[in-house]
Amino acid sequence: MAEKNKEKLTQNNIAVTVIIVAAILLIAASLSVSLLNNFQDVSDKTENYSTSRIVTTVIDKMNYENLSKISKDNISKYYEIPDGTVTDSTLYISARSDNFTEIACFRLKSQDKEKMLMNVINNYITEKTNTYQNVNDKAYETVSASKIEVHYPYVFVAVASDSETAVNEFNELFNESSN
């Protein structure tokens, strides 16, 4: 009889162990799926922003006024971006002659295009800096304060006296989406 009780106790211990291991695996699988879904949601939110949404959000947060949107066809008059480099782009420039603010955002087609786009942006800013140097101090200071920020696949350009703050607002979009 004692041996039968011992055998039954062993079977019960095995059954309990199997149930506990199965429960742990089930909980681990559920947590993994949940974490993956949350990560995918954040990734989807940030990677599906339009450049227009990014720029208008920053403009609104910065309380910029009198900025005019440049049509996609006319952006090439400002930035000479080679075909196949970006999939989306938005540019707003000041409509006032005494304000030199420009806010732009580009969505890279692929990560290997980043260097090419950065060269285009840097050439544009250098050309503007050279144009205004010794001609218009306010414009020169604004262009000299330009900032570029990359949050792949987005490249954000702020030509403004408060470019650093505009870049911080751009970065905040991605911080908000991860919360």
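View 1. Leaving aside residues up to four places away in sequence, Thr129 touches Tyr140, Val143 and Ser144, where contact means heavy atoms within 4.5 Å. Thr129 itself sits in helix 3. Helices here are DSSP runs of H or I with at least four residues, strands are E runs of at least two, and both are numbered from the N terminus. With 16% relative accessibility, Thr129 counts as buried. Buried means under 20% relative accessible area, exposed means over 50%, and partly exposed is in between, using a 1.4 Å probe and protein chains only. A word on what you're looking at: this is a predicted model, in which local features need pLDDT of at least 70 and side-chain atom pairs count only at pLDDT 80 or more, while totals for chains, interfaces and linings use all residues. Residues are numbered from 1 along each chain as its sequence is written, and side-chain values use heavy atoms, with hydrogens and water left out.

**View 2. The whole chain, end to end.** Five helices and five strands make up the chain. Start at the N terminus and the elements go α-α-β-β-β-α-α-β-β-α. How many of the 179 residues count as buried? The share is 33%. Take the contacts between residues at least 6 apart in sequence, and 58% of them join residues at least 24 apart. The accessible surface is about 11200 Å², and 50% of that belongs to carbon and sulfur atoms; these areas come from the Shrake-Rupley method with a 1.4 Å probe, and for residues only the protein chains shown count as cover.

View 3. The strands line up in the order 1-2-3-5-4, forming an open sheet with antiparallel pairing. Two strands pair if DSSP finds at least two bridges between them. Strand 1 (67-70) and strand 4 are at the edges with a single partner strand each, so one side of each has no neighbour in the sheet. From one strand to the next, the twist averages 15°, with axes taken as lines fitted to C-alpha atoms (for helices, over the stretch in contact) and angles running from 0 to 180 degrees between N-to-C directions. Over by strand 1, the pairing with strand 2 is antiparallel and covers four bridges. Look for Ile70 there: its bridge partner in strand 2 is Leu91.

**View 4. The hairpin of strands 4 and 5.** Strand 4 (residues 147-151) and strand 5 (residues 154-159) form a hairpin, with two residues between them. Their antiparallel pairing runs over five bridges. Which residue of strand 5 is the bridge partner of Lys147? That's Ala158.

**View 5. Two nonpolar cores.** A nonpolar core is a set of buried Ala, Val, Leu, Ile, Met, Phe, Trp, Tyr and Cys residues joined through side-chain atoms within 4.5 Å. The largest one here has 21 residues, and Tyr79, Leu91, Phe106, Ile121 and Val157 have the most contacts inside it. Helix 3 gives the most, with seven. Another core, of 20 residues, lies apart from this one and includes Met62, Tyr64, Leu67 and Phe170.

**View 6. Aromatic rings side by side.** Searching the whole structure turns up seven aromatic pairs. Rings of Phe, Tyr and Trp (its six-membered ring) pair if their centres lie within 6.5 Å; planes under 30 degrees apart count as stacked, over 60 as edge-to-face and the rest as tilted. Tyr79 and Tyr124 have ring centres 4.2 Å apart and planes at 40°, so this pair is tilted. The two are 45 residues apart: Tyr79 is in the loop between strand 1 and strand 2, and Tyr124 is in helix 3. Are they buried or exposed? Tyr79 is buried, at 1% relative accessible area, and Tyr124 is buried too, at 9%. Elsewhere, ring pairs link Tyr49, Tyr154, Phe156, Phe170 and Phe174 into a cluster.

**View 7. Thr142 in helix 4.** Helix 4 holds Thr142, which counts as buried at 7% relative accessibility. Not counting residues up to four places away in sequence, Thr142 touches Phe100, Val159, Ala160 and Ser161.

View 8. Arg53 is found in helix 2 (residues 51-62) and is partly exposed, at 45% relative accessibility.
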